[in-house]
Amino acid sequence: MPQLDPTWFASQLFWLAITFAVLYTVLARAVLPPLQNIVARREGTIEGDIATAESFKEQAEAARQDYERTLAEARDRAQQLVNDAVASQKAKADQAMRDLDKQVATKLEAASATITTTKKELIAALTPATEELTSLIVEKLTHRNTAKDKIGSVITQLFKASNGR
């Protein structure tokens with residue numbers, strides 16, 4: 001192999017140096033500047049994109065904070081509306097309860113008056129029969145005639161005493 005022959009080493013090194021110098025010059029002057037421009041533009045684009053992303057991130061964070069604040073305000077407002085509705089319904093229910101209590105009290109008074117009137121009517125209706133029955137019982141037990149007016153006054157006193165209870 002001629003590449004490994006030591007007689008050719010000097011010429012190979014010479015052509016290696018010339019080829020290296022030519023390639024270096026061509027690359028440094030013709031190829032490298034456009035590549036450097038491309039890399040610089042890419043770095044600028046990347047930095048611009050990063051800055052834009054940071055800006056969007058800040059805007060998104062501000063929007064999230066606005067959303068959370070608005071959501072908290074809406075929750076507070078909803079809770080206030082619920083509390084107001086509950087208080088309103090409670091007030092209406094209390095008023096309805098007071099109205100019902102008044103109606104019940106009125107009906108109770110009317111029923112009490114009706115009961116008292118009916119009781120008096122029944123006592124008045126039963127008094128003569130009670131007097132006669134009591135007179136017959138006393139006569140059968142004691143074998144004496146008692147005055148019906150005396151028995152009537154005792155029965156009246158008993159009815160009055162039972163009404164007092």
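Student: Which rules of numbering and confidence apply here?
Tutor: Residues are numbered from 1 along each chain as its sequence is written, and side-chain values use heavy atoms, with hydrogens and water left out. Because the model is predicted, local features need pLDDT of at least 70 and side-chain atom pairs count only at pLDDT 80 or more, while totals for chains, interfaces and linings use all residues.

Student: How many helices and strands are in the protein?
Tutor: Both kinds of element are DSSP runs numbered from the N terminus, a helix being H or I over at least four residues and a strand being E over at least two. Helix H1 covers residues 9–142. The protein has 2 helices and 0 strands.

Student: Is the protein a compact globule or more spread out, and what is its radius of gyration?
Tutor: The C-alpha trace spans about 180 × 40 × 20 Å along its principal axes. The radius of gyration is taken over C-alpha atoms, and the globule rule is 2.2 Å times the number of residues to the power 0.38. For 165 residues that rule gives 15 Å, so the protein is more spread out than a compact globule, with a radius of gyration of 60 Å.

Student: What percentage of the residues of the protein count as buried?
Tutor: Buried means under 20% relative accessible area, exposed over 50%, and partly exposed in between, with a 1.4 Å probe and protein chains only. The protein exposes about 14,300 Å², of which carbon and sulfur atoms supply 64%; such areas come from the Shrake-Rupley method with a 1.4 Å probe, and for residues only the protein chains shown count as cover. Of the 165 residues, the buried share is 4%.

Student: What accessible area does the nonpolar patch on the surface have together?
Tutor: Patches are made of residues with over 30% relative accessible area and no salt bridge; like charges are joined within 9 Å, and nonpolar side chains (Val, Leu, Ile, Met, Phe, Trp, Tyr) within 5 Å. The nonpolar patch includes Phe14, Trp15, Val31 and Ile38. Val31 is found in helix H1 and is partly exposed at a relative accessible area of 37%. Together the members of the patch have about 970 Å².

Student: How many aromatic pairs does the structure hold?
Tutor: Rings of Phe, Tyr and Trp (its six-membered ring) pair if their centres lie within 6.5 Å; planes under 30 degrees apart count as stacked, over 60 as edge-to-face and the rest as tilted. By this criterion the structure holds 2.

Student: What is the geometry of the aromatic pair of Phe14 and Trp15?
Tutor: Phe14 is partly exposed at 46% relative accessibility, whereas Trp15 is exposed at 53%. Their ring centres are 5.3 Å apart with 75° between the planes, and the pair is edge-to-face.

Student: What is the geometry of the aromatic pair of Phe20 and Tyr24?
Tutor: Phe20 and Tyr24 are 4 residues apart in helix H1, so about one helical turn separates them. Both Phe20 and Tyr24 are exposed. With 6.3 Å centre to centre and 20° between the planes, the pair is stacked.

Student: How many salt bridges are counted?
Tutor: Side chains of opposite charge can pair when their charged atoms come close. A salt bridge here is a side-chain nitrogen of Lys or Arg within 4 Å of a carboxyl oxygen of Asp or Glu. The count comes to 4.

Student: Which residues are linked with Glu61 in a network of salt bridges?
Tutor: Glu61 and Arg64 lie 3 residues apart in helix H1, about one turn of the helix, and their side chains meet at 2.2 Å, N to O. Glu61 is partly exposed at 33%, as is Arg64 at 37%. The residues linked with Glu61 in the network are Arg64 and Glu68.

Student: What N to O distance separates Glu73 from Arg69 in their salt bridge?
Tutor: Arg69 also meets Asp66 in a salt bridge at 2.8 Å, and these two residues lie 3 residues apart in helix H1. Glu73 and Arg69 lie 4 residues apart in helix H1, about one turn of the helix. Arg69 is partly exposed at 43%, and Glu73 is partly exposed at 46%. The closest N and O atoms of Glu73 and Arg69 are 3.8 Å apart.

Student: Which residues does Val138 touch, not counting those up to four places away in sequence?
Tutor: Val138 lies in helix H1 and is partly exposed, with a relative accessible area of 25%. Contact means heavy atoms within 4.5 Å. With that cut-off, Val138 touches His143, Arg144 and Thr146.
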